[in-house]
Amino acid sequence: MEEQTSALSFPIEASKETAPHAVDSTATSRLDPKLWDGFTLSYIQREKLSLSPKVKLHIETASEIDPITFEVLRNALWILNEEHADTIRKVGASPVATFANDLNTSVQTETGEAVVFAPYVQYFAGVADLVVQWTLENRGGNPGIEDGDIFFQNDPLVGISHQMDVQTFAPVFVDGAIFCWVFGSVHVRDIGGSEPSSFCVEAKDVYGEATPVPPIKLVERGRLRIDVEQMLRRHSRIPGLLALDLRSQIAGIHAAVNRAKELVARYGAPTVKAAMRKIINDASTATSRRLSRIPDGTWQDVVYLGGLTKGDRRAHRLAMSMAKIGDQLVFSNEGTDPQFGSCNCSYGAWRAAIAASMSALLAWDQRYCIGGVLKHAQFQPIPGTINCIDRSGAVSNLLAISSSVAMSGTVIAKMLSCDQELQRNVISAKGSSVWTSFYGIDQWRQPYATVSLDECAMGTGAFSFRDGIDQGGGSTAPRLEAGDCEVWEQSTPILYLFRRDSLGYGHGKYRGGRGLVVGWVGRGTEVNNVSAASVPLSLPGANGLWGGHSGQAGLFMDAQGCGIASLMASGNLPGSYEELAQLFKLRFVPPKSTGIHLLEDDVWVMDIGASGGYGDPIKRDPEKVHEDVYAGLSIEQARDIYGVVLTENQVDATKTQARRRQLRRDRIASANKPPQPVSLQGVNGGEKFLFRIAEELKVVEMGGEKYIACNDCGHYISPADGNYKLGCGRIDGTLQDIDPFLFGNTEEELEDRMAYRSYVCPACGVLFENELARADEPPFWDVRLNLR
Amino acid sequence: MKYIIGVDIGGTFTDCAVFDTSLRAILTAKAETTPDNPAEGFFNSLQKAAADLVLAVDSLLAQTRILVNASTTGTNAIVTKRGATVGLLTTAGHGQSLYIMNGGGRTKGLTVDELLYMAGTDKPRPLVPRDRIEEIIERVDCKGDVVVKLNEARAEQSIRRLLSKGIDALAICLLWSFQRPDHELALKRLATRIAPDLFVSCSCEVSPFMGEHGRTVATLFNAYIGPLMGRYVDSVNERARAAGLASDVMFARCVGGCVPPGEAAAAPLYTVDSGPVSGVQGSAVLGPKMGFDNVITTDMGGTTFDVGIVYRGTPLTRNETVLDRFEMRLPMIDVISIGAGGGSIAYLDPASNTMKVGPRSAGAEPGPMCYGKGGEEPTVTDANVVLGIINPDYFLGGQRRLDVAAAQEGVARLGKTLGLSLEETAAGICRIVDSRMAGEIRRLTLFRGYDPRDFVVFAFGGGGPTHAGMYARELGVKIVAVPLGNAAAAWSALGTFVGGVVHLFERNLYLREPIDAGAINAAFNALERQAQERLSAEGFERARMRLERTIALKYCAQVSHLEIPLPSKLLCNSDIDTMIDDFQAIYTQRYGEGAGYREAGVEVLRLRLKAVGELPAVELVEGPTPRLKTSPTLKGKRQVYWWEIARRVETPVFDGNLLSPGNRFEGPSIIELPHTTVPLRPGQSAEVDGFGNLLINVMALETH
């Protein structure tokens with residue numbers, strides 16, 4: 001028989017052996033690491049880790065691994081990490097972790113590169129590399145890192161979303177050297193700060209929030225440090241539950257460390273390490289291959305946030321730009337306003353949010369291996385801003401992270417629109433966060449504090465080929481769940497009057513997914529308060545995509561002492577928002593409100609909002625619009641947004657066609673003339689089609705020049721390297737033109753004047769894109785191709 | 001009346017196990033499953049068994065004391081969407097709960113690789129459209145207090161509206177009905193009054209557990225398969241009775257044990273997964289009789305691999321299950337399944353340029369390439385044929401000839417893309433599927449605090465005995481048992497009749513410390529009265545009733561609970577202390593030292609009474625094991641590739657039909673049974689014990 005060897009053993013990158021402390025060099029290298037040290041400013045990744053000689057890293061890697069052993073080890077590492085998460089879920093005290101899976105676990109290499117993440121909240125794990133690297137640099141010499149240690153940390157500057165998402169992590173030692181790390185994060189119910197449940201709406205800076213704790217040993221050489229545990233418990237209003245949560249994390253770490261050691265014993269350290277490196281390399285290769293299909297260019301997204309503190313009436317700008325050069329993406333937050341209130345995030349969290357979007361959209365088949373994905377990302381943060389705090393920034397209210405997830409999702413989606421195959425992954429955004437915190441005395445006479453999780457049932461954004469999924473959950477947290485109403489009613493003194501589809505959604509050719517609207521009354525308690533956290537209705541933070549309209553922010557309403565208790569006692573039960581609104585005068589609650597009573601005669605309504613739509617609404621299948629009307633869309637909206645005319649509860653095809661033509665004419669008539677029209681007039685088919693860049697925009701070549709042209713009618717809009725918006729008709733309107741109830745009145749809510757601007761083809765009136773901007777801003781340059 | 005019979009209708013085969021109580025012997029038979037009319041396969045398998053006993057079916061049935069059936073009829077109706085037209089009544093304000101799915105519906109029931117591809121995911125299609133859900137004015141709170149009284153007049157209109165839409169089953173699921181069933185039961189009476197023939201399913205009866213979504217799904221599924229299962233149960237029972245069976249056919253359930261036809265028809269949901277559960281049940285009853293108290297049960301068929309755990313003679317249970325992408329609250333013996341079987345397809349994953357195996361399966365049609373029925377991708381069975389482990393001329397005892405060339409061609413084609421030889425590829429397919437199965441066993445043992453090394457692996461089903469030597473080795477397990485030799489291939493059929501008649505009685509009782517022993521006593525007394533009434537109505541005398549108590553406890557404010565056994569007696573305060581100590585001990589065992597937090601307090605959630613009516617026991621005979629080990633009958637030799645030694649070697653093949661106690665085998669070798677093949681890997685050995693079990697001594701693999 002012919003002698004045959006395993007020709008396809010995978011060579012493993014040897015670079016780690018020649019330069020053991022090297023981590024990926026990135027554009028952040030131009031930032032001064034002495035300043036970006038996790039103490040003065042956020043910690044950034046280093047070109048080379050500066051390690052104490054006491055730190056021994058186990059770097060030996062087999063030069064090749066056969067495909068069978070690799071697949072076996074890939075499964076084993078995945079199961080090991082799942083066991084870690086599963087243990088936390090079962091032991092933990094926090095329903096937030098156990099029901100809603102508001103946690104994550106990961107395995108990192110000896111220098112912190114991410115290998116596997118559990119399929120829970122992705123941006124939790126996306127900071128793990130920085131935290132491990134910080135610990136190697138700052139704890140390696142003093143007090144030292146030893147076998148059996150477990151570190152605790154919740155400092156945003158080192159890398160965490162907010163103080164409640166506490167992290168525990170441990171080195172796995174093999175032959176006296178650090179072989180890898182296992183890492184876990186869990187949202188705990190209260191870790192201190194000015195507000196119960198630690199969402200400190202009123203904090204002006206981090207000193208008004210739970211005190212951040214940089215990495216400290218919670219377990220030292222296998223022994224729990226009572227002093228450290230007590231310090232952490234002292235921070236919390238519910239020390240017993242925090243202790244339980246910490247124990248769940250310790251149990252999870254123990255399981256993962258033991259399993260990792262067993263794997264090494266079974267397969268040998270060099271082989272296991274080779275599998276880890278190959279998992280990362282595979283994800284890098286897949287990401288690179290996909291990026292290489294797309295032309296170079298820069299994509300941008302801008303979102304305005306508001307209501308960052310009680311009474312805040314300003315529109316705060318968040319900007320994200322992404323330059324694609326070959327197979328690298330360079331992200332910047334330039335143009336973002338200064339940090340304000342408690343809705344900011346640190347550099348690490350911003351980077352993690354981007355990494356989460358990248359892995360979902362570029363490495364979905366690599367089990368979201370962020371370690372490989374990050375080899376294609378570089379970062380240029382501007383400190384002191386909402387999404388890159390300086391030392392004093394407060395972060396407990398998270399909004400900057402959810403916005404960063406949405407914005408990075410949007411810029412990547414816009415980029416992927418250039419490729420026919422990858423276009424399938426394009427999805428619009430749901431950015432804002434809405435939640436209610438509860439605290440008081442529960443129906444079992446115990447003090448309690450918790451936060452609602454209904455917001456986990458957000459709708460997905462609209463896809464480029466179908467509607468968003470109602471209550472589909474976020475892409476970066478595929479297993480986040482809201483939990484049953486009964487489970488919440490058992491642990492919280494409330495009743496759910498109803499839980500239904502949210503009141504609106506982003507309109508478009510494909511509509512955004514709906515979230516939830518819930519109504520609560522207090523039950524079995526004399527002391528019960530709620531606090532609200534959302535954003536103004538006029539700044540929803542959920543941009544639509546390619547002509548799809550904005551989603552909704554979500555809202556709060558209440559009615560105090562309204563008489564619902566006696567109503568229910570007499571046999572009535574308002575089972576929807578509409579019924580409630582008919583019975584009681586519901587008051588809009590400002591986006592940041594605290595200490596509102598929720599007793600048996602009070603009503604609290606929360607709509608968590610909905611995601612943005614995709615594509616021009618007048619291109620939506622009229623039969624779908626007919627279904628939408630059945631599910632709550634008004635006849636007027638069907639006619640004016642979608643151009644669909646219903647007669648006798650049927651789609652009137654002729655009138656619909658006429659109505660849609662009329663809408664196009666109306667758009668052209670109401671639009672400002674293009675400031676920079678292209679003189680050459682294109683005719684569909686007379687030129688060479690290159691690729692599409694948006695639902696209704698394409699790049700064509702004519703006479704040696706490249707142009708952006710209308711995909712619908714062929715009209716030339718702008719030179720290919722120009723801003724297409726300057727060749728469009730621009731309609732300046734407000735979000736209230738779409739829905740006066742769900743979008744709120746800018747002038748009542750804000751000092752800043754905002755405009756909702758629609759860019760249409762000056763020839764055919766098709767809608768290319770919308771943007772929410774300060775009224776005096778020039779058009780955003782959201783697509784800037786570099787076709788050289 | 002000397003026979004006890006179990007019939008397990010599986011996806012591909014219908015297995016029949018006959019226990020002769022006078023000879024204490026077991027006989028098994030296999031017939032093809034007939035999906036369109038499962039009763040056909042059922043009686044065909046009886047026919048084959050009768051033929052082996054040289055009897056006619058009617059005289060076999062006339063001599064049968066008990067006939068138990070485990071069936072996939074209900075599961076199939078759900079999966080193929082061929083159930084009833086169901087209407088649903090819910091509490092006002094919660095009519096969309098079924099669609100909202102707690103926000104988790106998009107990814108539920110998907111594998112990790114499926115759920116991570118956002119654009120490829122969606123919620124499952126609901127079983128009930130929006131216009132068949134009616135919201136009822138009523139409300140109860142978590143303590144069972146009525147907040148809003150039931151508006152019966154409006155409810156009657158709702159029910160009439162549903163009836164006018166042509167429903168033939170009604171599901172009723174109200175909030176907190178498991179704490180206070182009054183409103184649901186009132187609605188049931190109302191519905192039955194208006195439409196006496198309507199199949200009505202109440203959540204407080206089907207799934208009396210917290211969590212309205214999972215309870216609604218369970219109730220709905222129960223209604224969905226209700227009418228169809230009623231017809232199935234009647235037809236099987238009537239036909240068996242007509243053919244001479246003296247008693248009613250009993251039906252196996254997912255909680256273990258079986259029930260009479262009336263109860264199976266009223267709560268048909270509990271027949272879901274009754275086949276795989278019976279395999280675990282059989283191991284739990286027969287394992288300890290043969291000296292195995294801790295058993296990992298592994299059943300590898302054509303499409304799935306089912307794992308269960310028996311710890312100290314008791315099967316693990318769980319309260320949730322995902323069926324057809326819907327999660328529901330349903331107590332059952334814990335069996336988890338993954339897509340790994342003989343038909344699992346091996347393919348090249350272009351993203352990582354590595355080989356993956358399953359979960360996609362070639363199923364029975366077209367089946368593996370070696371079936372020669374048009375399969376175009378290599379499977380695990382093909383790999384075993386290439387390696388020489390499966391004898392192409394003795395598959396299913398020679399009933400099906402296998403095409404070796406086709407298997408080789410498929411495996412070689414895959415190997416070429418990876419740069420691997422034919423044998424390396426075939427062995428790789430097995431190693432990958434074995435590592436996935438080992439991973440699944442880890443999930444069921446280590447994740448729950450059990451060390452697999454403390455267990456014996458029972459290997460049954462067509463593929464279990466073929467692969468157990470490898471996956472058991474991955475887990476550090478020392479002994480694999482192929483239970484009762486060839487009976488292993490019909491093990492689940494055997495398991496249907498060993499658990500007795502089983503009813504579960506549940507009571508939600510929320511107590512905090514100091515825990516009132518009187519409240520627990522009162523609740524259990526009430527449950528026991530119910531249980532005794534039910535069992536005596538079924539003809540069981542006191543002496544044949546066994547009542548087992550368990551109690552669900554947890555640390556206050558913590559989410560996970562544990563069910564622990566309680567003694568059947570009047571509890572006093574010191575018993576409560578013992579109970580809490582037991583809880584803490586088990587908690588520590590499950591989750592590790594320090595994972596519990598006593599200061600938080602302990603609370604009682606729920607009581608459960610398992611009421612067993614004992615059927616005639618299956619007593620196994622332990623034959624004498626000769627002191628001198630005997631040589632088994634050599635059937636022949638063939639070239640088999642063993643990856644541990646990376647080459648083909650001439651390997652002895654033994655006839656599994658002629659096993660006798662004291663036989664001893666050394667690996668590498670192959671033992672061919674009519675319905676399965678047992679390879680003994682290099683370094684492994686095996687012995688036949690006095691019961692006829694083939695015990696494989698696994699031995700750790702020497703690497704590194």
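**Figure 1. Parallel pairing of β28 and β30 in chain B of the predicted model.** In this predicted model, Val653 of chain B stands opposite Ile670(B), a residue of β30(B). The two strands concerned, β28 (residues 647-655) and β30 (residues 669-672) of chain B, run parallel and are joined by three bridges. They belong to an open sheet of four strands with mixed pairing, in which the order is β27-β28-β30-β31 (chain B). At the edges of this sheet are β27 (634-642) and β31 (677-680) of chain B, each of which pairs on one side only. From one strand to the next, the twist averages 25°.

Figure 2. Because 20 C-beta neighbours fall inside 10 Å, Phe540(B) counts as buried. When neighbours within four places in sequence are left aside, Phe540(B) is in contact with Leu535(B), Met545(B) and Gly613(B). Leu615(B) is 75 residues from Phe540(B) along the chain, and the C-alpha atoms of these two residues are separated by 9.2 Å.

**Figure 3. Chain B, its domains and the contact of domain 1 with domain 4.** Chain B is divided into domain 1 (3-77 + 230-275), domain 2 (83-223), domain 3 (291-482 + 623-704) and domain 4 (501-613). The centres of domain 1 of chain B and domain 4 of chain B, taken over C-alpha atoms, are separated by 34 Å, and the contact takes eight residues from domain 1 of chain B and six residues from domain 4 of chain B. On the side of domain 1 of chain B that touches domain 4 of chain B, the residues divide into five nonpolar, two polar and one charged. The secondary structure of chain B comes to 18 helices and 33 strands. The radius of gyration of chain B, 26 Å, is close to the 27 Å that the globule rule gives for 704 residues, so chain B is as compact as a globular protein of that length. The C-alpha trace of chain B spans about 80 × 60 × 60 Å along its principal axes, and buried residues make up 55% of the 704 residues in the chain. Of the contacts in chain B between residues at least 6 apart in sequence, 67% join residues at least 24 apart.

**Figure 4. The open sheet of five strands in chain A, with helix α12 packed on it.** The strand order in this sheet is β13-β12-β11-β10-β32 (chain A), and the pairing is mixed. The edge positions are taken by β13 (377-380) and β32 (783-785) of chain A; each has a single partner strand, so one side of each is left without a neighbour in the sheet. With direction ignored, neighbouring strands of this sheet are turned by 15° against each other on average. Strand β12 (residues 328-332) of chain A runs parallel to β13(A) and is joined to β13(A) by four bridges, and Val330(A) stands opposite Gln378(A) in β13(A). Helix α12 (residues 399-416) of chain A packs on the sheet, where the helix touches β10 (297-305), β11 (316-325) and β32 of chain A, and its direction makes about 150° with that of β10(A).

**Figure 5. The hairpin of β27 and β28 in chain A.** Strand β27 (residues 705-710) of chain A and strand β28 (residues 716-719) of chain A run antiparallel and are joined by three bridges. Tyr707(A) stands opposite Pro719(A) in β28(A). The hairpin has five residues between its strands, and Gly714(A) takes a positive phi near 90° in this hairpin.

**Figure 6. Domains of chain A and the contact between domain 2 and domain 3.** Chain A is divided into domain 1 (10-286), domain 2 (618-659) and domain 3 (660-785). Between the centres of domain 2 of chain A and domain 3 of chain A, taken over C-alpha atoms, there are 24 Å. Seven residues of domain 2 of chain A are in contact with five residues of domain 3 of chain A, and the residues on the domain 2 side divide into three nonpolar, three polar and one charged.

**Figure 7. The contact between chain A and chain B.** Chain A gives 81 residues to this contact and chain B gives 70 residues. The elements that give two or more residues to the side of chain A that touches chain B are α2 (67-91), α3 (95-98), α8 (239-267), α9 (269-291), α13 (485-491) and β16 (494-501) of chain A. Of these, α2(A) gives the most, with 13 residues. The residues of this side of chain A divide into 41 nonpolar, 22 polar and 18 charged.

Methods
Residues are numbered from 1 along each chain as its sequence is written. Chains are lettered from A and ligands numbered from 1 in the order in which they are written. This is a predicted model: local features need pLDDT of at least 70, side-chain atom pairs count only at pLDDT 80 or more; totals for chains, interfaces and linings use all residues. Domain bounds come from an automatic or database domain assignment. Two residues are in contact if their C-beta atoms, placed from the backbone, lie within 7 Å. Ala, Val, Leu, Ile, Met, Phe, Trp, Tyr, Cys and Pro count as nonpolar, Asp, Glu, Lys and Arg as charged, and the others, Gly among them, as polar. Two strands pair if DSSP finds at least two bridges between them. Axes are lines fitted to C-alpha atoms, for helices over the stretch in contact, and angles run from 0 to 180 degrees between N-to-C directions. The radius of gyration is taken over C-alpha atoms; the globule rule is 2.2 Å times the number of residues to the power 0.38. A residue is buried if 20 or more other C-beta atoms lie within 10 Å of its own, exposed if 12 or fewer, and partly exposed in between; C-beta atoms are placed from the backbone.
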